[in-house]
Amino acid sequence: MNAKRLIAMAGTLVLAVLLAGHLSTAGGSGTSDASDAVIAGEGCTSILVGKDASTDGSVMTTHTCDCGTCDWTWRHVPAADHKPGSTRKIYHISQYKTWPPSEGLKWDVYKKDFAGLEIPQVAHTYAYHHAMFGYMNEKQVAIGESTIGCQRKMQNPTPAAKLDLTMLTLLGIERAATAREAIRIMGSLAEKFGYGFHDDGEMLAVADPNEAWIFEICPVGPLWTPESGKPGAVWCAQRVPDDHVSVCPNESRIGEIDLANKDFFMASPNVVSLAVEMGFYDPQSGKPFSWKKAYSPVTGSATSTNGRIQRLWRFFDIVAPSQKLKPETPNMDLPFSVKPDAKVSVRDVMAMTRDRSYGTPFDPVMGIRGGPFKNPNYYRQTRVIDHGLAEYSTITQSRAGLPDPIGGIVWIAFGSQDTSCYMPLYAGMTEVPKSFMVGDHWTFSRDSVRWAFDYTDFHVQVAYSEAIKDVEAAQAKYEAELVSRIPEIDQQALALYKKKPAEATKFLTGFGINNATTVTNAWWKLGDDLLVKYNRLYLYNAEKRGMVRGQPATPEWWKKAVRAFDILMEPDKK
Amino acid sequence: MNKRTLFVFGALAVIGAGVLVAGQSIPKVGLPVLTTSAGQSTDVTTLNIVLDEAGITYDYCDVPTVEMVGDGVGLGGRESGPGFHVEVTTDLAKYPAGTPYKAVIFAIGASLKGMGASGLTLDSEEARLKKVIEFCKQKKIFVMAVHIGGESKRGPAGSDNERMIDAVAPLADYIVVTKDSNKDGRFTKIAETKKIPLTEIEYALGLVDIVKQVLQ
């Protein structure tokens with residue numbers, strides 16, 4: 001064996017060992033503090049921004065609906081008045097359950113799963129936009145979500161628990177005029193009628209134009225009955241300071257609580273007693289009660305889990321690098337919220353939802369991980385914020401100083417955030433685009449907005465590092481420009497609102513639908529163009545009707561890696 | 001008759017109504033017992049919590065094979081690994097390792113997520129259940145089927161859950177279901193056709209007293 005070959009072989013071995021190390025340990029490092037804890041490691045990410053932490057004074061929440069097989073369809077539910085004595089039917093709504101389009105749309109068909117409970121209806125329910133959860137109502141109450149898991153013996157998958165999380169958010173958003181009211185409504189209904197069935201430990205980001213709260217809720221075990229007189233859920237909520245930002249990446253975020261500080265904490269009456277009863281907290285230990293340590297414990301850090309739980313550290317590193325938080329710090333010791341180094345704009349938040357941890361120790365395209373075209377979707381051992389499985393992502397903005405129908409916006413990007421485009425739906429819209437209401441994972445449809453974005457996404461994968469530039473150019477045109485036009489849209493709507501509020505909602509509805517149609521058509525065309533441009537992994541120039549051989553260029557480092565691998569695999573020739 | 005007596009009779013009537021649905025009494029079997037899942041839903045966790053609440057020790061395995069059941073208490077010393085969970089809480093002083101099980105309780109409920117985590121498909125789960133139940137029949141191990149997931153988790157005919165019900169319930173020696181799970185009378189029909197005792201309960205909590213009676 002010559003020296004050159006020996007060096008190549010050693011180098012490749014080092015690469016292989018590094019790679020194998022990542023592959024074998026990722027996911028293997030438990031993130032559960034106790035064997036009885038059930039932690040949801042692969043769900044959604046939710047970001048919260050307080051009003052004094054944003055550039056425009058808006059309160060923001062996000063939700064990346066990272067499922068991979070869930071329903072992505074949206075609905076607008078109009079406001080309604082209800083006669084005294086009328087009731088509200090409760091349905092079991094699974095976040096994951098889907099039906100073939102031939103059987104109908106999820107938000108019609110889910111009513112087959114009646115939970116056997118009707119609760120007294122309120123006199124008036126607010127209009128709202130919803131998909132997997134209620135996201136924004138006409139009072140600018142907004143919601144984002146992230147599953148956090150809970151201790152195993154707290155799970156209650158029995159029908160005694162009438163309320164799932166989705167149903168809870170629909171009830172909260174149709175009844176609440178403020179974030180605090182939404183929390184109290186969801187909490188008290190869950191206590192009374194039992195929470196769980198399809199869901200367990202969950203976090204909701206609940207906001208209005210003034211404040212943002214992290215609301216966390218868990219079931220109380222499968223032996224709960226409504227006749228027990230005990231609460232059928234345990235919950236806690238903590239307000240994010242107005243000049244702070246926070247995040248929930250599938251991990252409980254609420255630690256020690258101070259219920260005397262009513263402006264910052266709320267909880268169910270059993271918040272501590274249940275933990276004592278179930279053996280999750282010993283008051284004699286001398287340690288203060290910690291919500292997350294009791295009900296949804298996690299051990300490990302970004303580093304110790306090889307990036308499996310690096311989103312928490314990564315978010316804080318993006319927004320407050322001056323704090324120099326370390327990836328080695330156990331996640332449970334990272335702060336609840338931080339003051340960002342600079343105020344955060346909605347475009348900053350869009351970028352955060354697209355974050356892939358590039359340039360960090362958890363970079364998914366570091367070394368040979370992303371292949372020759374640096375595709376971050378090849379290496380999924382680290383869990384980045386944008387991991388390519390989103391049904392859709394939302395950013396809600398609740399803005400004081402504007403009438404509610406104009407102040408509230410929910411931005412929606414369908415499919416993976418990096419190849420998608422955020423489109424605004426104002427709170428005052430009275431319908432959502434038809435293409436938002438149809439489609440599923442197993443039937444390609446040109447009528448469904450989601451497929452337009454997946455169509456482009458699919459054609460980006462071939463030569464990611466090149467094709468993503470085309471997408472970014474489209475995002476600059478259809479997303480960034482629109483964000484800069486929002487103040488102008490606001491003023492047009494405001495002028496109409498002052499004359500006649502209904503004219504404003506009509507204008508906003510038309511604007512939202514037209515914009516969504518324009519963007520969706522642009523993404524269908526972008527997908528077509530990418531198919532032609534990177535066809536057969538060459539570069540086709542449609543304008544010049546030419547093909548550039550040798551482009552997109554395979555980088556030299558990749559060729560070296562291939563050669564090294566060949567040498568490693570080649571039988572020893574003597 | 002005073003109020004207290006009335007209350008006691010009333011309470012007994014409520015419990016009795018559940019017991020007498022199929023016109024039969026609760027079987028007495030005894031320990032040791034193995035708990036497992038038919039379909040890998042989280043309902044087996046509920047079952048284990050029920051046994052904990054009843055103060056009954058048990059062995060648990062999410063995907064036991066015939067060999068494992070045959071190894072008796074302790075499941076042959078097997079340990080949990082990826083996609084395979086074992087828990088032995090059986091009192092080994094009373095029932096030493098290897099003691100044949102007197103009963104196996106199946107918590108019926110299909111979860112594609114759960115089966116995926118265990119590397120199973122619906123077909124392979126059905127095949128596994130068939131073998132395990134056949135073995136139980138040969139060895140005269142009591143088979144108890146429990147469905148506590150409710151109507152919403154049942155699904156239409158041919159659904160994953162219905163296939164799990166068909167794989168276990170008609171072969172069981174005793175069936176316990178929540179009223180919500182049996183709204184359409186599916187379990188009652190199976191019990192009547194196959195002459196299997198069946199108890200309906202209101203909540204999972206109702207299972208606590210039943211397992212005490214069956215196993216203690």
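Trainee: What makes the pairing of the backbone oxygen of A:Thr147 with the side chain of A:Asn250 a polar contact?

Mentor: Good place to start. In this predicted model, the backbone oxygen of A:Thr147 lies 2.8 Å from a polar atom of the A:Asn250 side chain.

Trainee: Where does A:Asn250 sit, and why is A:Asn250 called buried?

Mentor: A:Asn250 belongs to the loop between β16 and β17 (265–267) of chain A. Its relative accessible area is 2%, and buried means under 20%, so A:Asn250 is counted as buried.

Trainee: Which residues touch the most other members of the largest nonpolar core?

Mentor: A:Tyr392, A:Trp411, A:Phe414 and A:Phe436 do, in a core of 119 residues. Helix α11 (residues 464–499) of chain A gives the most to this core, with 11 residues. Apart from it lies another core, of 70 residues, including B:Ala103 and B:Val211.

Trainee: What is A:Phe414 in contact with, leaving aside its neighbours within four places in sequence?

Mentor: Its partners include A:Trp72, A:Trp74, A:Tyr392, A:Met423, A:Phe436 and A:Phe453. Among them are also A:Glu391 and A:Arg450.

Trainee: Now to the two chains. How many residues does each give to the contact?

Mentor: Chain A brings 18 residues and chain B brings 19. The area buried between them is about 1500 Å², with 65% of that from carbon and sulfur atoms. On the side of chain A, A:Pro157, A:Pro159 and A:Leu223 supply 37% of the area buried against chain B, more than any other three residues.

Trainee: How many salt bridges and polar contacts cross the interface of chain A and chain B?

Mentor: The rule finds zero salt bridges there. It does find one residue pair in polar contact, both at pLDDT 80 or more. The residues of chain A that touch chain B divide into eight nonpolar, five polar and five charged.

How values were computed. Residues are numbered from 1 along each chain as its sequence is written. Chains are lettered from A and ligands numbered from 1 in the order in which they are written. Side-chain values use heavy atoms; hydrogens and water are left out. A nonpolar core is a set of buried Ala, Val, Leu, Ile, Met, Phe, Trp, Tyr and Cys residues joined through side-chain atoms within 4.5 Å. Buried means under 20% relative accessible area, exposed over 50%, partly exposed in between (1.4 Å probe, protein chains only). Helices (H or I, at least four residues) and strands (E, at least two) are DSSP runs, numbered from the N terminus. Contact means heavy atoms within 4.5 Å. A polar contact is a pair of N or O atoms within 3.5 Å; within protein, one must be able to donate a hydrogen and the other to accept it, and residues adjacent in sequence count only if both atoms are side-chain atoms. Buried area is the accessible area (1.4 Å probe) that two parts lose on being put together, summed over both. A salt bridge is a side-chain nitrogen of Lys or Arg within 4 Å of a carboxyl oxygen of Asp or Glu. Ala, Val, Leu, Ile, Met, Phe, Trp, Tyr, Cys and Pro count as nonpolar, Asp, Glu, Lys and Arg as charged, and the others, Gly among them, as polar.
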